[in-house]
Amino acid sequence: MEFKEFSAKTADEAITKASLEFETSSENLEIQVISEGKAGFLGFGAKPAIIKVRRKANTDVSQAEEPVKKETPVSAREEKKEIKREVKKEATVKEDAPAKELERVQEERKALVRSEEEIADIKAEAEKFLTGVFKAMELPVEVKMQYKEPEGNLDIEFVGQDMGILIGKRGQTLDSLQYLTSLVVNKGRQGYIRVKLDTEDYRNRRKETLENLARSIAYKVRKTRKTVSLEPMNPYERRIIHSALQGNRYVETYSEGNEPYRHVVVKLKNR
């Protein structure tokens, strides 16, 4: 099969367009990045990302969307197990529940009231860990932190050059750093502290990309009347898809598969 060229503002958006065109996930595609694209300044000098894509050889279209089951290794340390359970609970609780149910769950998970001294310790531990990581990477990064007491969230922003290194492919590096930082700040503490890492407004940009993807998939499902399975996503990104299509008159969504290969399915509503 010949390569087909796609372009968009970012490589991720171009890959999304290709996945829609080939009606399969990116894992079943052979992708060549020709240009990563350039945002420019105030719109000037912007350049689109360009990729070339073709379906991988020996890929059965009928099986292209089947999730691969794989055993996830279990941590040996009991304290990490407990934190992992908390992280999983926070991420997956009532994933497909309506908004009112999510609000009720969030109300039940009110943050503990922490002293200024404890908040300072939490920030210091996070900064010490992240500074050590960046030093090992020889990457100059400014770390900005804000503890939001009502929610019990620790928001951390990275500022510097070449922040794409910290984002990684589809935010995987950023998510990994976020998870490890969460382990550090939650160790030995009462109540769960939700850590959120971001840089260059990646989280909002990714949210916008996923919402656009959801709308495009919904239109495609309505037009073709065929069910579409998206590629595997983490719980946070799956919730964005569910939320974007929650009020859609024509399609409905649900998740299937096991982590880390759990994915969203979009299907036509039964009428």
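Me: Is K267 buried, partly exposed or exposed?
Reply: This is a predicted model, and the class follows from the relative accessible area, where buried means under 20% and exposed means over 50%. K267 has a relative accessible area of 22%, and a value between those two cut-offs counts as partly exposed. K267 is therefore partly exposed.

Me: Which parts does the pair of E252 and K267 tie together?
Reply: The side chains of E252 and K267 meet in a salt bridge, at 3.9 Å from N to O. These parts are 15 residues apart in sequence, because E252 lies in residues 251-256 and K267 in residues 263-268, which are strand β8 and strand β9.

Me: Which residues are linked with R114 in a network of salt bridges?
Reply: R114, which is buried with a relative accessible area of 6%, forms a salt bridge with E118, and their closest N and O atoms are 2.9 Å apart. A salt bridge also joins E125 to R189, with the closest N and O atoms 3.1 Å apart. The residues linked with R114 in the network are E118, E125 and R189.

Me: Which residue in β5 stands opposite V143?
Reply: β4 and β5 pair in the antiparallel sense over 7 bridges. In β5, the residue opposite V143 is F158.

Notes:
Residues numbered from 1 in each chain as written. Predicted model: local features only at pLDDT ≥ 70, side-chain atom pairs only at ≥ 80, totals over all residues. Heavy atoms only, no water. Pairing = 2+ DSSP bridges. Helix = DSSP H or I, 4+ residues; strand = E, 2+ residues; numbered from the N terminus. Salt bridge = Lys/Arg side-chain N within 4 Å of Asp/Glu carboxyl O. Buried < 20%, exposed > 50% of the residue type's maximum accessible area, 1.4 Å probe, protein only.
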